Each structure stands twice: as C-alpha cells, then as structure tokens.
Amino acid sequence: MLISNASNALQCLLKRHSRMRTRLRVDNNRYFLDNLQDDSEYLSSDLFFLAIEITNESWQEIVERRCNQDPYSNNGTVIFPMFHFMLLYNSQQSDDQLFHLVLFQNHCVSDGQSGFILIHEFLTLATTSNTLEISEPLNTEILPLLGQLIPRPYGLLYHIIAFIGKHIFIRELRQLTHPRIPVKSIPLNDCQPTRFKVQRYKIRFLFASSSLNLYSKLHPQCRLHGVTLNGPLMGCLLLAIHHCFPLDDNTLLKPFGLGALFNMRSRLPQSPLTPSSVGYFAGTGEVKLKQSLSIRSTQFWSLAHYCMTNTQNQLKRDGVPLTMNIFADVLRNEQEFDETCQLFPEGRFSELGFSNIGKYPFSCKYNEGEVQLQGIHVINNMSVYRTSTDIFVTCTDNKQLDFAMAHEMESDEMAQGFLDYYLRLIELCADSDHCKSETTLDELLKMME
C-alpha cells in the first residue's frame, strides 16, 4: 500500500511544501537556495522515494552509510534532492512485522520538527485509498530563513557584547585540542571538492530505545518535582559524562558545556511560521553549570530543576538570540569565517550536543491502525563543521523513549558503554521507589554500581 501510493503522496508534498522543491547551489564560493518550479522533469517522485528489501545490512547500517555519503554532485556545486524517503522491509518476515520508513533531509533546509511533519503527512497520504483524487494546490510561499527572523538583542550595545561573545567562543575552541571525551577521526576520502578547507570525517551512529513504560513512569516523577522532561534527561547526561569520562576530582560535578537546540517556530516575534512550517527553524545555545556541584550533597531533582531553568534561560536575549546573531556575523564575513574555522580541531567546534526533540505530535495510527508508528529516531551527522557527539531523544505515544547518538568517540565500545549507562540512569530516575526527592547524586551513582 505504501509503495504503490508513494508517488502520488510525494507529488502532494512537493506542492504543499516549497522547501521540498529547493536545491542548494554553489556559485563562486557563494551558496544559494533555489526554489524549483513544480516541474515533473526536475521533481520526479523517483528522486524522493526508494523502497529497498533488507538482505545483508541492518537498517542502522544503511542509515549510517547513507548519511556518510557525500551529498554534493556536479563537482561540489549542487545538493539535490534535499529530501529523500526510503522504505526498508524484509519480505521473509510475516505481514505484521516491522518495516522502517527513513527520511533523509539536509539540515540547511529542515529540522527534526519538520521531519515529524513530513513523515506524518506522507503516512497519512500514502495510507489513503484515493490519493489520485486529491487536488493539492501549489504553495508558492517562500518562507524566510531563520537568520532573517531572529532580532538582534541589546540595541546599540550589541556590537560590544557580540565582540566579547566571539572572544569567549574562540577561547573555548582552543580548549577543544584537549577534549574530555576521547575522539578518533576516520577520514572520508571519496568526496566532491568544495570550498571547505576541512577534511570530511566519518560519523558513527548508535540507536537505542528504553523500556516500553519509561515515559509513563518518568512523566509523573517530573510532575511531582515540578520539572519538564528535559530536566532529568539533561541531568542524567551530565552524570553519565561524569562517570564515563572522569576528571581527577570525582567529588564534584564540574561544568561541561552542552549545545542545545530549540524549536523557534512559536518563539519569534511577528513570524510567519506555523506549527506545520517545513524548514530549518532550530536555534542553538549552550547550557552549562555556572559552578561545580557536590556529588555527595546535591539532590538529583535539584540538578534536574537547575538543568530545566538553565535551558529555558537560553531563550532570553543573552542566549539563543545572541549566539545565533554572532554565528550569522561570522558566516557573512568570509575572512573572519576562514580564520575562525582554522581553530576548529579537524572541523569540530564543540564536544557534545543534546536535544529533547520531543514527542511525535500526531496520532501514531494510520488507516484505522493498519499502519502504526511504534518508535521514531532523529539523528544528525552534522556534515563538515560539527559537534563531536550529538544525542537526540524522541518519543511516540507515551511509551518508550527513543535515543540516537552520532559520535566520533575513540572506540565503538566506549560509545556503546556511554549510551547504555545514560539509558540505565534515566530508567533509575523514573523509578519513584529508588529516586526520591531527597536522593543525592552520590546515592544515585552508587545504585548504578
């Protein structure tokens, strides 16, 4: 059903979302997003959809291999298409077994929330018996880019504060030559030439899911302690880093910067964006403890509350708006961009990024339950200039939490051990019998032993 309806479903989506019709073009070291006309010659459904029978590779291996392929064509001057659906199935399994729908998208035109929207609309259209009869009007609206929507904070003082912010950023970049999380770079040599002066490296992927009842256990714990889900997820991540990558003084939880992504759709003044807008509308900021915390005396739920408020504070003018404008200034100035990039060790500009992408905001049942979404993973390999490790957390239907980690850690065993420890910490925190209001970080770590 999905395969036979895919072509008609995609033609509807191409008309509905102008971003799906875009092409990245490089001309004389300048980058352009071209919006293509609704032309079947350029926008054939075959470019945007492929069904593959899984034989020797797992879906995880297929996704990792595909994401490490060079996206450029025409001697490094074009990326097209920017979106591609892939349906992976195994014909040896019975009809009620799992299949995997994968959406590949280029991060300059789409974010995690946009992926949710496109997957939902594709599944809705592809499970409709009369897709041929659907008359989809052509949406010609060109949505603005995120940088055009974020106002500059601080008024006349912006340039002074941005100058200070750049120097803080450069100082932190220099510290990356001695990362806390050990890395191993694996060069990718089969790539088109581009203006980037950095070698492309392989990013390895790990996927995992929690127990089926984790969300239903963790949500009441969060409500009881007055925090959002982001609080314990980030608190557990800091504790996992503390345990798996220890410092000399193990009695303190030391500050460690986490890059955080924010859905900006409803957080921009006078924005034309809607909850169903498809594009890249994710702002970035850094969440970091302002001081070291005692492992022995700090209560876990106090850490979770601190993580929540610190994350929320990033949306203020000295967080995401300032960071995004500083980045935009550097990108506009080619000389400054090149000078800054020379400081990136092998293209890495931070150690760890984290985002609770959130719950799939749609019903997980399609065609009266004939097709059911049982889990969803979001992952980002970050291309040339990147974060060493990225962890995204998602959820469907109030059941399990799904985790995806893109990384360059020293070994696969180290990466797997870190992710496993992180997941077990979260499971422990969701257990109200073990993780109480007064439970300290030290007690939690000892329970993990």
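These legends describe close-up views of a predicted model. Local features need pLDDT of at least 70, side-chain atom pairs count only at pLDDT 80 or more, and totals for chains, interfaces and linings use all residues. Residues are numbered from 1 along each chain as its sequence is written, and side-chain values use heavy atoms, with hydrogens and water left out.

**View A. Helix α6 packs against helix α10.** Helix α6 covers residues 230-244 and helix α10 covers residues 412-429. Helices here are DSSP runs of H or I with at least four residues, strands are E runs with at least two, and both are numbered from the N terminus. The packing angle is about 135°, and the axes lie 9 Å apart. Axes are lines fitted to C-alpha atoms, for helices over the stretch in contact; angles run from 0 to 180 degrees between N-to-C directions. The two helices are therefore oblique to each other. Under 35 degrees counts as roughly parallel, over 145 as roughly antiparallel, 65 to 115 as roughly perpendicular, and the rest as oblique. The crossing of α6 past α10 is right-handed, that is, the near helix is turned clockwise from the far one by less than a right angle.

**View B. Residues of α6 meet residues of α10.** From α6 come L233, C236, L237, L239, A240, I241, H243 and C244. Facing them in α10 are F418, Y421, Y422, L425, I426 and C429. Contact means heavy atoms within 4.5 Å. The contact residues comprise 13 nonpolar, 1 polar and no charged. Ala, Val, Leu, Ile, Met, Phe, Trp, Tyr, Cys and Pro count as nonpolar; Asp, Glu, Lys and Arg count as charged; the others, Gly among them, are polar.

**View C. The largest nonpolar core has 68 residues.** Such a core is a set of buried Ala, Val, Leu, Ile, Met, Phe, Trp, Tyr and Cys residues joined through side-chain atoms within 4.5 Å. Buried means under 20% relative accessible area, exposed over 50%, and partly exposed in between (1.4 Å probe, protein chains only). L239, F300, L401, F418 and Y422 have the most contacts inside this core. Helix α10 gives the most to it, with 10 residues. Beyond its neighbours within four places in sequence, L239 touches L253, I295, F300, L303, Y421, L425, L441, L444 and L445. A second, separate core of 39 residues includes L10, F85, V109 and Y366.

**View D. E136 sits in the loop between α3 (112-126) and α4 (158-175).** E136 is buried, at 17% relative accessible area. E136 and A162 are 26 residues apart along the chain, with 45 Å between their C-alpha atoms.

**View E. G283 lies in strand β10 (residues 282-287).** G283 is buried, with a relative accessible area of 0%. Its contacts, leaving aside neighbours within four places in sequence, are L146, A260, L261, F262, M264, V320 and M324. G147 is 136 residues away in sequence, yet the C-alpha atoms of G283 and G147 are 9.3 Å apart.

**View F. Backbone geometry at P81, N75 and Y154.** Most residues other than glycine have a negative phi, and most peptide bonds are trans. F80 and P81 are joined by a cis peptide bond, with omega about -5°. P81 is in the loop between β4 (78-79) and β5 (83-89). N75 has a positive phi, near 55°. N75 lies in the loop between α2 (59-67) and β4, and is exposed at 62% relative accessible area. Y154 also has a positive phi, near 70°, and is placed in the loop between α3 and α4.
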